[in-house]
Amino acid sequence: MLDLASFCNHSLLLILNLHANRIRYLTDTSTHRCALYRSLLWLKLSQNMLMSVNMELFGRSTHMTHLDIRNNKIAALADTFIHRSLEMFDVDNNRLVKQSLCGWFLPKVTTLSGFEYNQLETVPLCAEKMINTTMLSLSGNCLRHFSIETVAQMRGLLMLDLSYNGLLTVFLGSVNFPPSLKTIYLSNNKLTSLDLTFILARSLTVNADTNLITSFSINDVSRNVTSLDMVNNPIDCSFKTAKDREHAQYLKSNDDTFVYKYIPSDLSMLFFTNVLLEHLDQSMLQAMPSFITQVLIINSPALKRVGVPNAAINLTTKYSSVRRIDIVADSFVDYLSISKCELIVCITAIQMRCGEIWCTVVDLKSNDDTFVYRYIPSDLSILYFTKVLLEHLDQSLLQAMPSFITHVWLGQSPALKRVSVPNVAINLTIVYCNVRIIDIVADSSVDYFSIFHGELVKIPRTVRNAPRLRFLEISSCKIDHLDLASLCANQHLHTLMLTTNKIRYIVNTARQHCAVYDSLLSISLKGNFIKTVNIALFNVFTMLDTLFLSGNKIRTVTGRLVNGSLRQLRLENNKLEQLDTCQWNVPTILLLMYYNNPMKLVPECLNDLQNFTAIV
């Protein structure tokens, strides 16, 4: 049970988050007008056990902008609900079968997606009463038949989502049509036909993917339909723009290339879908006009082989059965993307690709490969290495990079075990490598270091060699404990993220004042294995603003928290049964999160901490 009177005197409380408890009913026993009513902006009661709700209780908080009662067991809502400040209302994933909005007045709600994933069998009655709604989503309900006339009076409606309903029929050909509608989603239903002959909208995008459509004529589609997605249907007549519809071809032989002569010379992209050939020979692409620079081939399950001609094009294939790509000698192709296919043979000699933002180096295997650096455009600053074949990436390989490279990514390189970081001013990120050792040279200029999914078992000792380091992240590695003294010398470190490791305990063995005490602003230890935490360990950080201890296995919080700068403390998703804050002195704290813990009572002395803007 939740009695809102429990928070009556919290005049600064902006957010009240009681997500994922066992609340069965809601009440307010206050006998006077609460200070909470003037301050509360956001109320979250999702994932509880509410079966009915008195909507009048929410009207008392006159400044509230967000109300979330998702994932409960609510079977009915009142026909009357008036709130002049509410901007977002979420009641999705409940048990509503029908709903009337005839007595609702929510003038600031522009996005009405809160009825998703209920059991609605029809569009809510009087939907047009939501006068300022621009987006209506009823996805994930039980609608079987739909007529556009049911929402025709929603004059501001721009987007309508009816996906995941099991729709059998849809009628869009009415003179009563929402005048502003731009997009309609009909995906993941059971439609066997789709009539787009008469569409009153000026420009409509229709998404009807993943249905059972077998009856459709692209020649009968209204010119007011400017984009159509029919992927994953027995018949696919998709097009992205009106021009695509004119020039997308179902290729079946070389004779079909006659259509190229009708392509306007101000276009540069050619889009093929439902190619009926097993082998798309290079001659068919070579015959394209020279002004075509981008070719996209998608949704062609018959296609198994592609021959790439000596033409300066960007080639993309997606959702096909392509198993082989043949690229002619000395080809001018500079971009090749193949996805969702069955590729087993690809003949190409490209080792480095450069886009508008970064360059990617693939299969680096020795110092000799650094010759590619000379071809990196000087206006780029990011270099991405993937599939590095070395076990040790020596500092000379990174030292040789052009000086304008400031961000380096190492990714998807299981062979890589050791990285040596040179004395260059770079941001270094390592992702999905088996790195176990990090060497940082003395007095390094590196100021950002991040590693995800590696084999590190502790914070590298050489981190102390990076006095300018501002950001340190080691996530999804094998670190099993944290000694805060290991960062003692990092006088500029402001963010420490050690998430989803295997940390079981925290200590501080430092015997002197550490420089990091006066610099660290944020500590995140989310997703580890901590069971007991001495909260007093963090009192030494005089600038600490946020402390994340969520997603551990914490059963006990010991010690007295005394900190004059801490504003956020996150303890959610642990195993706390109680939290004693009676001896705490944290005058600046604004946000305390402790949801998804097995607590039966509100933490003792919580009312003594009067500066909260959010309790979650």
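**Exercise 1.** Work out which residues lie nearest the centre of the largest pocket and how its lining splits by class.

*Solution.* Start with the lining: 21 residues, with Asn21, Arg22, Met599, Lys600 and Leu601 nearest the centre. A lining residue has an atom within 4 Å of a pocket point; on a 1 Å grid over the protein atoms alone, a pocket is an open set of points where a 1.4 Å probe fits, with protein on both sides within 12 Å along at least five of seven lines. Now sort by class: 13 nonpolar, five polar and three charged.

This is a predicted model, where local features need pLDDT of at least 70 and side-chain atom pairs count only at pLDDT 80 or more, while totals for chains, interfaces and linings use all residues. Numbering runs from 1 along each chain as its sequence is written, and side-chain values use heavy atoms, without hydrogens and water.

**Exercise 2.** Find the disulfides, then say what the one at cysteine 8 ties together.

*Solution.* Searching the whole structure gives three disulfides (cysteine sulfur pairs within 2.5 Å). One of them links cysteine 8 with cysteine 34, S to S 2.0 Å.

How values were computed
Ala, Val, Leu, Ile, Met, Phe, Trp, Tyr, Cys and Pro count as nonpolar, Asp, Glu, Lys and Arg as charged, and the others, Gly among them, as polar. Helices (H or I, at least four residues) and strands (E, at least two) are DSSP runs, numbered from the N terminus.
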